[in-house]
Amino acid sequence: MILRRFYDDNLAQASYLVGCARTGESLVVDPNRDADAYIEAASREGLRITHVIETHIHADFVSGLRELCARTGARPYLSGEGGRDWQYAFAQADGAQVLMDGDTFMVGNIRVQSIHTPGHTPEHMTFMVTDTAGADQPMGAFTGDFIFAGDVGRPDLLEKAAGVAGTMQAAAQELFASLQSFKSNPDYLQLWPGHGAGSACGKALGAVPQTTLGYERLFNRAIVETREDAFVADILDGQPVPPRYFAQMKRINREGPSILGATPQPHYVHADQLNDILDAGGLVIDIRPWSEFAHEHVHRTVNIPLNKSFSTWAGSLVPYDADFHLLAPDAIAAERALRDLSMIGLDRVAGVFTRESLDAAKAAGRTRGSEQINVHRLAEEAGAGGVTILDVRNLQEWREGHIPAEQFAGANVVNIPLGQLDARIGEVPRDARLLVHCKAGGRSAIASSMLERHGIDAAVSVQGGFDAWRNAALPVSEADTAAST
C-alpha cells in the first residue's frame, strides 16, 4: 500500500492519496481544489486516481472532489447518512457511489469501510483501511473532522457558522456516542486526521501529522472523558469563533462546487483602469505586506496581506456575489493569491493590477500612507478625550479584557469584530479621530484600510494592539461596560 499526505498550511488541512502498488489503482481522501497536486503525485508513484472520497461536507474549504473526478475520470464516493438535509445534491448527477454505515469497497487490494461517525456534522464518515495483501484487519482510519491529534471535531459549527439553530447540544451528544463506539477499536489503529494545528474546526488540535487510537485514548481529553454531561459542557466551551465564510463553504460543497478545469492564472489589467474601477466603487484588494501598504498605497484600496491569514480574511471580507480585483507585487504573489482564493470559492477575480498601477496612481496624486501609533500614544489621546477607540477583536476576546472607557473620560470605546465591520460600517463614528486596534496589529491594519474605502480617512492603526497595551501595564477592564456586540 502506498500512502501520501498533502497539507495546506493556510487551511491547516490534510488530504491523502492511497494506492495499491499491484493494480495501480488509487484513492484520494478529502481533496481540496488543487487537483494538480494529486494528479502529479499519483503519476510519480505510477498510480491512476480511480476513487475519490469525502469524510463530510466541509465548512472551511471548497471540496476538490468534483474537480479531481472531472480531471481523472475517477468515481466519487459520498456519505448517504445524516438525513435528508445533509445529502450531496450533486451525487446522482455525478454518478457517485453513496455510502452507508458499514459499506465497503476495494481499491485494488485495499479494502475501505465506511463508519458513520456523526457529531461534527450529521453525515460524517470515518474510513477504515485494510491492506488485504498482508492483513485481514484495518491498519488505520481516515478520521476527517471526527478525531484529531489531541482533539476532536467541534459540534457547534452547524449552529454558529451555518446558522442551523438549536443543533449544537444534540450534535455534542452524537459526537460523544460516536467516540464511545469508536473506542472499541484496537490501540494500534493509526489515525489520519483531516486537520492540524491552526484549524478552526477544533480548539486544541495537535501539530503532528498522525496519531494512534491508543495514544489518543490515554491523552486526548475529549476521548478520555466518559461522562456525557461533562463531555458536552467541555466540548462546547471555548470554541474559537468560526470565520464568516464557513457558511458559504457548507452551501457550495453541498450543492456542488463549480469545476475550474485548470489552475487559475492571472488576467493582468492595464494600470489605466484602476482609477475608473475605484471611482465606480469597485473593490481592489492590495495583497502586499502591511508595512508596504502603510508606506504608500492607492487611496481606497483594501489591504489583505498574502500571509497565512489571507484565506480567513478574504473569505470573511470579500463578497462572493460580485467581481473584484487584486493588486499584486509580482507574478508569483498573484498566482499564489488566485490559488488561495480558489480554495475557498472566491473565483470572481476580474483582473490583477501590478506595481505599475501603483506608480501610475502616484503620478496622478492618488496614493497616500497610513498613520500608525503605539499604545502609549493611544493612552495619551484617549486621556485627552474626543477620540473613538475601535476594537476589532471578536466578542470572546473583548470579554476577556478591553480598554476601559471609564478610565478615559470623553473617549468612546466600541467593539465591532473585523468580520462584521463592512456590514456595520454605519455604526462607526465619522466625527472623531478613530484609533483602531486588535490583538497584535494584523486585523486593525486591515480594518483601517476598509474604513478608508468607506470614506473614513481619520482611522489610525495601533501598533502591537491589545497585547502591547497589556504588556505596557495600561488599564484593562474585564467587565462588558462599553459598546459591544
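Student: What covers the buried residues of α1?

Tutor: The cover includes the strands β1 (2-8), β2 (13-19), β3 (25-29) and β4 (48-53) together with α2 (65-72), where contact means heavy atoms within 4.5 Å, and where helices (H or I, at least four residues) and strands (E, at least two) are DSSP runs numbered from the N terminus. This is a predicted model, in which local features need pLDDT of at least 70, side-chain atom pairs count only at pLDDT 80 or more, and totals for chains, interfaces and linings use all residues. Residues are numbered from 1 along each chain as its sequence is written, and side-chain values use heavy atoms, with hydrogens and water left out.

Student: What puts the buried residues on the same side of α1?

Tutor: The buried residues of α1 (residues 35-44) are A35, Y38, A41 and A42. They cover an arc of only 140° around the axis, taken from the directions from the helix axis to the C-beta atoms, and therefore sit on the same side of α1. On the other side of α1, S43 and R44 are exposed.

Student: Why is S444 called buried, and why is R5 called partly exposed?

Tutor: Buried means under 20% relative accessible area, exposed means over 50%, and partly exposed lies in between, with a 1.4 Å probe and protein chains only. S444 has a relative accessible area of 0%, so S444 is buried, whereas R5 has 33% and is therefore partly exposed.

Student: Where do these two residues lie, and what do they touch?

Tutor: R5 is found in strand β1 and, not counting residues up to four places away in sequence, touches A14, S15, Y16 and P209. S444 lies in helix α17 (residues 442-453) and, with neighbours within four places in sequence left aside, is in contact with V392, V436, H437, C438, S461 and V462.

Student: Why are α4 and α7 called oblique to each other?

Tutor: The axes of α4 (residues 168-182) and α7 (residues 228-236) come within 9 Å and cross at roughly 120°. Angles under 35 degrees count as roughly parallel, over 145 as roughly antiparallel, 65 to 115 as roughly perpendicular and the rest as oblique, and α4 and α7 are therefore oblique to each other.

Student: Which residues of α4 and α7 meet, and what classes do they belong to?

Tutor: M168, Q169, A172, Q173, L175, F176 and L179 in α4 meet E228, F231, V232, I235 and L236 in α7. By class, this contact has nine nonpolar residues (Ala, Val, Leu, Ile, Met, Phe, Trp, Tyr, Cys and Pro), one charged residue (Asp, Glu, Lys and Arg count as charged) and two polar residues (the others, Gly among them).

Note on methods: Axes are lines fitted to C-alpha atoms, for helices over the stretch in contact, and angles run from 0 to 180 degrees between N-to-C directions.
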